[in-house]
Amino acid sequence: MRDFERRGKALGGRGWAAGWAVLAMAPASISMALAQGDEAASYDAIAVGDQAPAPLPRRADDLAELEEVVVLGEKLGRTLAKTTSSVAITNNRAATDYGIDSVSEVIARTANASITNEGDFSLRGVSAGGAEGFGAGQPVISTYLDGVAVDQVGQSGNLLDLFDVEQVEVLRGAQSTSQGRNALAGAVVVNTREPTQDWNLVTRMRLAELNERQYAAAGGGPIGGGLAFRLAADYHADDGFVRNVTLDDPDWNRTEDLLLRGKLAWRPSFAEGFDALLTAGKSDRDGLTQPVNRIPDDADGNSRTVADNVPRDAGQTSVPISLRLRQLLGEHVELSSTTGLIRSRNHEFADYDTSTADNGSYQFDQNGRTLTQELRLNVRDWNGLTGLVGLYAGRFRYDSSNQGRDLYVQLGEVLPVPAVGDLIAARVDFDLDSKNDADNVAVFTEFDYQFTERLTSIGGLRYDREHAEIYSNYQITRADGFVVAPEQAAPLDALLAQITVPALFAFQTGGLTPGTGSGRQIKASYDALLPKIGLRYALTPEVNLFLTYVEAYRAGGGDVDTQNGDIVQYDPEYTHTVETGLRTAWFDRRLQTRGNVYYTKWTDQQVQVPNADGSALLTQNAADSTLYGVELENSLRLGAASSVYLNAGYAHARFDRYETGSNDYSGNRFAKAPEWTGSAGGVARFVDGWLRGWFGSIAYTYTGTSYTTPANTTRERGDAHGLLDLRLGYETSRVSIVAFGRNLLDDDYATYRASYVGGFGIEAGRAIAFGSPRVFGVQVDMSFE
């Protein structure tokens, strides 16, 4: 924000023609009008070439002046004290102090947010997959990295690790007005560190239990001609904590990650007020962070073990690219363009039933391709008006291939011949190929208008239109039948007499599922007008109160009926939220409090219901809900080098109406949605005396009980747990050496429990996934400038 004002004054009234010339420099991206992940393009971000990386040493004079934090996700350049969104911000300094290595850890420490080891996260009691925790629809929480909209495939890898990251924002609640697509329940915005005109290099080495090791480096500097660059590389691997007891593999969930990123910034001297930033990266992950332990229905399960009898192969790759162009058009106006592209791939080969039974294997491949473009005109402090007008469009391509091989299926699971269902079986192969394509366009605006010194109005509006095309092709490619010899078998001729000729023919020729072998396709368009209104009142210079009303939606789509290959269409869903809160900043912002209270009505919810014969679940608009809750976050700076924080959240997220045939979930809690969450911690540094250079931090994170499914049974839930982390170390102006412990209390908890009724090669049982155990390690960071 300060850079915006500085560059604007230097430019004066010049630059209008140059501003439109900026757009001509990127005709390919702009002509397609494609954009979404625009956080890095926000004019309030520290400008290219002026962003100095935070050095490792924390001397008293480094912290004497506490700068106001600017929220990038809202795109208006509001400071944290004036934003109306419920946002939690973690910067590079906090990530280093508390040893936060990934966006997952940021979410876990955020009030009214939670995440499992499987990567499922929720905000205000709403899982990214929706109210029931899964489904065919797009996510309801969007994620952005350096202006790129990260798709579901990209989120499953290591793309969001935090080494060399500048700032992470977790915006709770509807963000559809500013973020648009897939932001009905919130957004996560990540910005990495940008190039500077000063040479610098940071390195990291970490060794810990479970054979964990990390080697990372990042740095850069000026090239000349207004150019600057920054490169980052991060290698991270560990052997995991899950043992395969069938294959005698103690490192079943080992992972190996490599993350590469490069940035090139340009601020030419001949074009005042103009800058450009090109970012490109690649992430590779080999392995899965958390497998599922499937056990018999009547067993409790052994912590952190699995019984798969098929070796597993899994990996994810993502390649994000973004281009940001900005031009100041006078002291108060800026024009920006952000183009985002990401290609992601996820591959997994594993045991089909994850048990000791010989029930075949599956291979699952996903591919995502997203291209986005946004043009935005921002106005700052112009006769009391701060706002933006934007044009946006995006092209989203997602396809998957699911193949089952050599699955063991008994006749009674697929044909109505119960008398012989346990005696006739088959080995089955199936293929399910699907595509989910969407094109999205939008025009939006949001503004603050200051009526008086204390009263400011808030307004926003977004018109969003989406066209979706969904294709599915499901077929049984092989079904070889044979007779099973049970302990007590009836005469074979009597058994076979009960099987009709058509049934035998279908069984032997692979026609186990009727109507397969031909593709299904639907095309549909959806649109919505999403308003936002509110007021902000400065009770004193240190206290701001606000009240807002905002609407959000998630577009419709189609779900595949795996029993016949049909695609069943569903409509959009909508939320209406009233929110109030306060922001306080006392004693030169050393003591800060942020509180939000919200109430949301959710209508036409996309939830899963059984198909006609109960053999599969399909997404339909079959529920309505009420949500309300509160977030309270407090931070206190103690002197120049120490601080403490205390955060707490409560989220009531329950169905008013949700009936699925014989099941009635009305009144039940959303899946994967703990009601209570909280965290507390502090960091202390000794800047004087004989302890000078020593430092330490402690953090405790609490996550309440959650249910895996809307049925809310005790056998299908994640345990309440509290994780205590501690870091102790010594630092100089260039080197930091720290010893750390994660989950010091060694809390042994399940993050996931689910029951399976069985069928199509899977026996009835339960699945359990456990959280990480206690881990100790050491880390060395070095900084050269």
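Colleague: How many cavities of 30 Å³ or more does the structure hold?

Modeller: This is a predicted model, in which local features need pLDDT of at least 70 and side-chain atom pairs count only at pLDDT 80 or more, while totals for chains, interfaces and linings use all residues. Residues are numbered from 1 along each chain as its sequence is written, and side-chain values use heavy atoms, with hydrogens and water left out.

The structure holds 18 cavities of 30 Å³ or more, a cavity being a set of points, on a 1 Å grid over the protein atoms alone, where a 1.4 Å probe fits but cannot get out. Grid points are joined across faces, edges and corners, and a volume is the space filled by probe spheres set on the points.

The largest cavity has a volume of about 260 Å³. Its lining is made up of 22 residues, and Gln138, Asp151, Arg181, Asn182 and Phe396 lie nearest the centre; a lining residue has an atom within 4 Å of a point. By class, this lining has 8 nonpolar, 10 polar and 4 charged residues, where Ala, Val, Leu, Ile, Met, Phe, Trp, Tyr, Cys and Pro count as nonpolar, Asp, Glu, Lys and Arg as charged, and the others, Gly among them, as polar.

At least two residues of that lining come from each of β5 (141-145), α6 (152-155), β19 (361-382), β20 (385-410) and β21 (424-450), and β5 gives the most, with 4 residues. Helices (H or I, at least four residues) and strands (E, at least two) are DSSP runs, numbered from the N terminus.

Two of these lining strands, β19 and β20, run antiparallel and are joined by 20 bridges, and strands count as paired if DSSP finds at least two bridges between them. Within this pair Asn367 stands opposite Asp399 in β20, and in the hairpin, which has 2 residues between the strands, Asn383 takes a positive phi near 55°. β19 is also joined by 19 bridges to β18 (residues 333-351), again in an antiparallel arrangement, with Ala350 standing opposite Tyr362 in β19.

The second largest cavity holds about 180 Å³ of space. Of the 19 residues that line the second largest cavity, Thr116, Lys672, Ser706, Gly718 and Thr751 are the closest to its centre. Here β2 (113-115), β34 (706-707), β35 (717-718) and β38 (750-756) each supply at least two lining residues, with β38 giving the most, 3 residues. This second lining divides into 5 nonpolar, 9 polar and 5 charged residues.

Note on methods
1 Å grid on protein atoms, 1.4 Å probe; cavity = no way out; pocket = protein on both sides within 12 Å on 5 of 7 lines; lining within 4 Å.
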